Every structure is written in structure tokens, then in C-alpha cells.
Amino acid sequence: MASAEGLEPSRTRKNSNKNIIARIRHGHITGRGICRGTEISEALLKERDHKAQWHGIPVLLRRLYDKSHLNSDLSQIYFIIKEVSSFLSMEAMSFVTEDRKPAQESTYPNTYTFDLFGGVDLLVEILMRPTLTTQTNVPKMSDDLVKDCLSVLYNCCICMEGVTKSLASRDDFVMFLFTLMSNKKTFLQTATLIEDILGVRKEMIQLEDIPNLPSLVQSFNQQQLANFCRILSVTISEPDMGNDDKNTLLAKNAQQRANPFVVKFNLALLNIPGFIERLCKLATRKVSEASGASSLLLELQDWYTWLDNAPVLDALMQMAAEDAEHSSTEVCIWLGAFRLWVHRMLAEFKLIPGLNNLFDKLIWRKQTSTHVLHSQNQNCDCSPEISFKIQFLRLLQSFSDHHENKYLLLNAQELNELSAISLKANIPEVEALVNTDRNLICDGKKGLLTRLISVMKKEPPDSSFRFWQARAVESFLRGTTSYADQVFLLKRGLLEHILFCIIDSGCKSRDVLQSYFDLLGELMKFNMDAFKKFNRYVNSDEKFQTFMTQINSSLVDSNMLVRCIILSLDRFEGQTEDMRVVEVLSECRLLSYMARVENRLTFLFRLVNIINVQTLTQENVSCLNTSLVVLMLARRRGTLPFYLNALREKEYAEKYPGCLLNNFHNLLRFWQRHYLNKDKDSTCLENSSCIPFTYWKETVSVLLGSDRTSLCAIASYIDEAYMDLGKDFLEV
């Protein structure tokens, strides 16, 4: 191995300093030559230190290396690490107080020097060395020494993302950190470092690989459990893919074929007795009952304790949300049963009533300033208060989405109101409502759902809390359409409020508007009362034009509402013996607009044209399904050839023959591969449209038919010269 002492004496010290750094960097890249500063003599390091402004860090690392061998007296290195820590902690503090500016070598020179000369790797070795030897009577590191080593590593991670990523890539070190959590004295420093590391890790860790996980978690006190949940929420969340190409359904399907047994939730948690019960108790801890002059301080203490517990809600949300959408058949069956079990546990431990009792006192005791909306997997620097509220709303969304436990969000009076709505409409009560255990529902004057709607109405127009609030309310309506559920929300002015936000509030946030379009669709679907209310609010051509402008400005965001209108129109047109239906059809601007075939065709053209197989994502695949709804309803009425011919005429009018229909043909081929896979769950399509999935499959098969004489096959409308454009997409 080359020696640093071989530097040419004729060079200046400055050039020599650069030479040392260059040789170390070269060693990092190639693995040859000098890879660490500890391979350079202390004398040379001292000679170069002042000119290079290294502040003695390389010399300290050299001494640390010399005094930290396996059988060394580790007490001697304690003061060396303390001295090193003093240089790094100031830079870490500077990073935090300066709004976390991007790390640069010139910004944090001490941290950079520490890492460049091998300090990070050396501390990892010192920490892990006792676990890597078969020798007995190895000197034990003191708790204070372990804590200082962890703190130095954390400070390096704060200032240099490259250090964090490097540590995250080391499975052995990550697993080792989990073992340190069993020590109460080093728990906090360990948990802080693990959370930072997992935040940048690309692959999920496997919880079953953590040594003695059940006994480890059972040993935690409540506050440690809350900290563990913070780690857990990072561990079981899918990483932010970053590259949009990796988020396409095509890419995801390929990834699932390569690794079909990957699921978000790790089975190892099932081996932790009482885990969910402890989470529920932690999430519903009661606030202090103190009153008087000292109550304000106690309330503040409770508030910040709650903010720290946001990851508890995230962990519960992750468990409640587990679904089988992208899982193998075996895992699909298991996850279905597991989700039911989790929901039962959350209900039996009275999570929802507990949250309802705390809603006004802590969870939403005040309105929060507007903030930027982040995606679910995106690293977020929101305040703890904002993060807590978002996790709370996501938990409500997951708890009630497609699940009969959603009625636990109501109190006894509100359940009675639902029953009365069904009785008045002369329709049977929903089975899930009848079976709701009233010992587990909300108490007080309002249920949690009603409280949520109340605070939603008070949010500023562009507040991204509206996005999460609307998602939570929408989840209550999703699934098989319930007239009573819709009327319950209509009576609370929800439809008028949504229309105000879309038409009159000046809201510009696409995310918020999308969430309101989706909620409005669920609220109005098949409901004559809702369409009447819509017409009373949108009572002028100007308002209606504003509403349609919002819809047309981003069809990806609004297509679920378009689907609802088309489905509702189709149902109402089949009920014209009822004069109330005839009245709604004749008076409602929205239904009259969609009844015109040229308008439906315009939507169909745009839906097919704004997506292709390579750009399909979980967010825009609904456009494909909405276009299919248009054509399925046309097929029922015997007008499918008319629509297909209209697509052909549109192609020629726009002077790109074959492109539109070939694109649609490719999309449908992908649809078959995506939805007809035995591992896919198609119940959402069936429930949301009230069209049997068998009819979805039949229609797609008819459209993809190879018989060019069939008037219902896309192939019949593509000239031979333009056939099969992009036919190899499935090989991508």
C-alpha cells in the first residue's frame, strides 16, 4: 500500500494538503491506496493540520484508532470522542437553526473532515467490534461512551446526507442499532439515529430480522413505545420512489412480478403480544383534568406529548390500511383476514371514542396555518402539530375505508338518525349499521365524523388540511353506495360547502380540488336529493360555467366526478316512471349537460388521449376506468359502434389516424393484464360503479376482439396501415 510519507518535498504545503485529500478520495473510489486518514502518520497530520485548517480532527482520529483496539482500555478514548464531538455538534446546531440548508463541504468543514479521514467508519467499528468477536472478557463500553458515539454519528448525518445514506446501506449496522434499543440509557440516542437512517433507506428492512423483536418491544415503556412507533412508521412505509417512471403501474407490476411477496406490513409484528392494545391506549391517553391557574402549563405539556405521539397514529393507520391490491394470492388471503383482525382490535380497545373525546381538547383545539401538501411517502419538514393532524386524518381514512366499522365514528343519536333516514325512504337499513356494537361508538354530543366536518368548514380555502379532511370523509362513503349515509352528510350542508370551495372560494390547489371532486362524486352518486341541492346552489349559467371550467381544467383530478354523473344519469334515465326523477332530469343543469351525447364524447376523447400505458399511475388509471364506464353503458344501450366510430372520426379530423384507437387498444390490453391477474382485487370497480365485474371483463374482451367484421371491436375502426402502433408496450 502506498505511503503518504512519499509526498514530494518540493511541493508546497498547500499542494501537499490537497494531495493527501486527493489520495484519500481516490482510495474511497477505488479501494486502493490510502482509504482512511488513520493510515497516515500522526507526525505528517500534525505538520499539515494548521495550514489545512483541520482543527486537529485527523490527529484525534489517529489517536482514537490507536487506542480503540479490541482489548484496549476504552475509558481512554472517552475524552477523545468528547473533543471530536465539540467540533461537530456546533455545525449540526448551525444546520438545524439555519433551516436545514443543503450540506456543502465549505458549510460544514469539520464534519466533512471527520468523515473524509474515516471517522464515521471508525466509530461504527468501535460500536460493533464487541459483537464481531468470539473472544471472551472483551472490555465493555460504558453507556456514556455508546451515547457519545451515537451522538457524533447523528450529528454527521444531520450535516451530510451522504453519511446517512452510507449508514442506511449497512444492514448489519441497522440491525445492531435495534439491539441497542434494549438499553434504556442509550435508547433515545439510538432511536434518533435509526429514524434518521431509515428516512433515506431505499429498501424496507425486514422486521423479523431484528433480534428478539417481541421481547424488545414488550420491554418498552409507553414513551419508548411512542418513539418506536416513529421508527415503525418509517420502516413499514414504502419509500419515496423519486423517479416518476418508477411510479407507473407498468413499473410497479414488473417489480411485483420480480418480488411478489413484498407487502408493506411486516408479519413479524404479529409476534408481539398486546402490541395493538398498547398502541390504542397510547393514542387515547386522556389529557390532564387539572383546572385553575396551573392548567395552561399542564395542557401545553399534554399537547406536546400528543404531538410526539403522531407516529403512533401513523402505525395504527398503516395496520388498518393493509390491503391486498398488489399481493400474491396467499398473502392476499392473509392480509384480508389480518385487516379484519386489526379493525376488530382497534374497535374493541375503543380507539375511536378515545380520539373523539380528545378531538376538541387536543387534536383540533385550534386552526393551523396553511401549509404545503406533501405526498404520503415524501419526507416532510412540517411542524409536529401539522404532522400529527395529518396522521390523525389518515388514520380516520384508513379506519373507515370499505369497512363496516366506519359507523363507530358516530354517536348513538347519529346512528338513530341514519335509521330514521332509511325508514323514511322505505329502504332497509345497511347491515353494517344494524350490526354496529353501540358499546364501542362515540359518546358526547357529536361523533367524530360530525366534528371533522365542522372543522373542515372552517379551514382556509387553500389549506391542504382540506385534502386530508375530504379524503377522510370520502372514505366513509366509499364502497357500496348508501343513500342514508349520503343524506346524513347532505343534511350537514356538506354539498353546499364543497360547491362553495370549488366555485366561489378562489381555491387554486389542485390537490384540494381533486379531493373535493372525489368527495362530491361519492356524495351525489345515484342520489336525486343531491342533484336537486346541486341545482339550487348552481343557480345561474355563470356559476355552472365556473364549475365546468374547474372540471375541465384537469380531467385527471375530476374524472371520478364525471364518472359519477354519467352513472347517475344512466340510472335515472331508467327510472322515468317516477315523476321525481323526470323532474330532476329536466331541471338539473348538470344532468342536462351530460345527457347531450356530444358532451359525453368530448369527455371520452380527452380521457383516452391524456394517458398511455407508459404513463399510467395509481393516480390517473381512473381515467381509463371512467372511459370504460362510458363504453360499457353504451354497449348496454346498443350504441357502442356509434362511440367507436366517433373516436375514428376524431382521429381523422385531428389528422392522426390510428393513434387514438391504437392507444386505447394498448390501454385495454394493459387493463386485462392488470385487473384480470388472479392477485388483483376488483371489488372496488364493481362497488363504485354498481356494474358487475363480469360485465367489465366482457366489454374489454369485446373491444379487444380480433374479428375486424365486428362493429364492437376496436380493430374494425383502425385502417390496416395504422394497426398495432406501440404493440410491444408489455415488453417494456
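This is a predicted model: local features need pLDDT of at least 70, side-chain atom pairs count only at pLDDT 80 or more; totals for chains, interfaces and linings use all residues.

Residues are numbered from 1 along each chain as its sequence is written, and side-chain values use heavy atoms, leaving out hydrogens and water.

**Exercise 1.** Find where Lys-67 sits and list its contacts.

*Solution.* Start with the place: Lys-67 lies in the loop between helix 3 (57–66) and helix 4 (78–97). Helices here are DSSP runs (H or I, at least four residues), numbered from the N terminus. Next, take accessibility: Lys-67 is partly exposed because its relative accessible area is 35% (buried means under 20%, exposed over 50%, partly exposed in between, with a 1.4 Å probe and protein chains only). Then look for contacts, meaning heavy atoms within 4.5 Å. Leaving aside neighbours within four places in sequence, Lys-67 touches Ser-72, Asp-73, Gln-76, Ile-77 and Ile-80. Finally, compare separations: Lys-67 and Ile-77 are ten residues apart in sequence and 6.5 Å apart in space, C-alpha to C-alpha.

**Exercise 2.** Work out how many residues of helix 22 are buried.

*Solution.* Helix 22 covers residues 448–458. Going along it, the buried residues are Leu-448, Leu-449, Thr-450, Arg-451, Leu-452, Ile-453, Val-455 and Met-456. That makes eight of eleven, and helix 22 is mostly covered.

**Exercise 3.** Decide whether Cys-442 and Cys-623 are buried or exposed.

*Solution.* Cys-442 has a relative accessible area of 3%, so Cys-442 is buried. Cys-623 is at 0% and therefore also counts as buried.

Methods
Helices (H or I, at least four residues) and strands (E, at least two) are DSSP runs, numbered from the N terminus.
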